[in-house]
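Here's a quick briefing for anyone opening this structure for the first time. Take a look at it, then read on for the main points.

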Amino acid sequence: MKAVLEVSVQPADFDIRTLQASLLAGDAREGGVATFTGYVRANNENRGVQRMFLEHYPGMTERSILAILEESAARWPVLAARVVHRVGELEVGEQIVWVGVSSAHREAAFAACEFIMDYLKTRAPFWKKELGPDGEHWVDARDSDSDRAQRWQGQQ
Amino acid sequence: MLRVLFFGRLREQLDCDSLEVPLTDACRDVDALQASLCASRGEHWAEVLGAANIIRALNQEMLTANAALSDGDEIAFFPPVTGG
């Protein structure tokens, strides 16, 4: 069975309940769904954050996330996987990203969800700019994110 | 022609989001294109586009090494990504 994989990159907010339901095929083959939701934090590296601007590379963003979902489905018995990532201006507390994976068993769902998020952080062309009381700051990439993505290499 | 794109901090520092560059002998591969942009557009470009941590993509695939260019290719330069 080929996994059902979907990617959306959009300015609009999303509804988690609707997204989670979209991962179910309707014939109760799934044993579980693992999800991750990312939010705009009020504080980053001791800087106050009021809003965030997310830039992306249209076309490459969707392609690179789909490639990550395909890789996750090659590594684990994924039934369906989906990523929704917002772009444009976001307020503190808003949802930025949602990852959901359904599988027959929890192990694959948990692992694939974490893998997708770790790879997305280092491979999908998004750039965050924080806007706060001290002005604007492009967010720097973190070594800890590269380290987390690196962990999956060599693992099968 | 080559289509050259810039994103994030790079786009802002260069004040440029895209360029059309003729495919000449001076830019037959991505390294040569980057060097030619650094050499021909002044000290500021040389500094910004010569930074060590710049990521390059060819036709919307990230590169980890140099790659040959052909007419109609889309090349992007950007800083390390920070989504999620």
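Let's start with one pair of residues: Gln10(A) has Arg86(A) as its bridge partner in β6(A). That pair belongs to a set of 7 bridges joining β1(A) to β6(A), and these two strands run parallel. Here, strands pair if DSSP finds at least two bridges between them. Helices (H or I, at least four residues) and strands (E, at least two) are DSSP runs, numbered from the N terminus.

Before going further, keep in mind that this is a predicted model: local features need pLDDT of at least 70, side-chain atom pairs count only at pLDDT 80 or more, and totals for chains, interfaces and linings use all residues. Residues are numbered from 1 along each chain as its sequence is written, while chains are lettered from A and ligands numbered from 1 in the order in which they are written.

**The mixed sheet**
- β1 and β6 sit in an open sheet of 4 strands in chain A, with the order β1-β6-β8-β2 and mixed pairing.
- β1 (4-10) and β2 (32-39) of chain A are at the edges with a single partner strand each, so one side of each has no neighbour in the sheet.
- On average, neighbouring strands of this sheet are turned by 5° against each other, direction ignored; axes are lines fitted to C-alpha atoms, for helices over the stretch in contact, and angles run from 0 to 180 degrees between N-to-C directions.
- In chain A, β6 (residues 78-86) also pairs with β8 (residues 95-103), this time in the antiparallel sense over 7 bridges.
- Within β8(A), Ser103(A) is the bridge partner of Val78(A).
- Helix α2 (residues 60-75) of chain A packs on this sheet, touching β1 and β6 of chain A, and its direction makes about 150° with that of β1(A). For contacts, the C-beta atoms of two residues, placed from the backbone, must lie within 7 Å.
- β6(A) is mostly covered, with 9 of its 9 residues buried. Buried calls for 20 or more other C-beta atoms within 10 Å of a residue's own, exposed for 12 or fewer, and partly exposed is in between, with C-beta atoms placed from the backbone.

**The antiparallel sheet**
- An open sheet of 4 strands in chain A has the order β7-β5-β9-β10, and its pairing is antiparallel.
- β7 (88-91) and β10 (135-138) of chain A are its edge strands, each pairing on one side only.
- From one strand to the next, the twist averages 25°.
- In chain A, β5 (residues 51-56) and β9 (residues 126-132) pair in the antiparallel sense over 6 bridges.
- Opposite Phe53(A) stands Lys129(A) in β9(A).

**Chain A as a whole**
- Chain A has 4 helices and 10 strands.
- Along the sequence, chain A reads β-α-β-β-β-β-α-β-β-β-α-β-β-α.
- Of the 156 residues in chain A, 35% count as buried.
- Among contacts in chain A with a separation of 6 or more, 80% come from residues 24 or more positions apart.

**Where the chains meet**
- The contact takes 21 residues from chain A and 14 residues from chain B.
- On the side of chain B that touches chain A, α1 (8-14) and β5 (74-78) of chain B each supply at least two residues.
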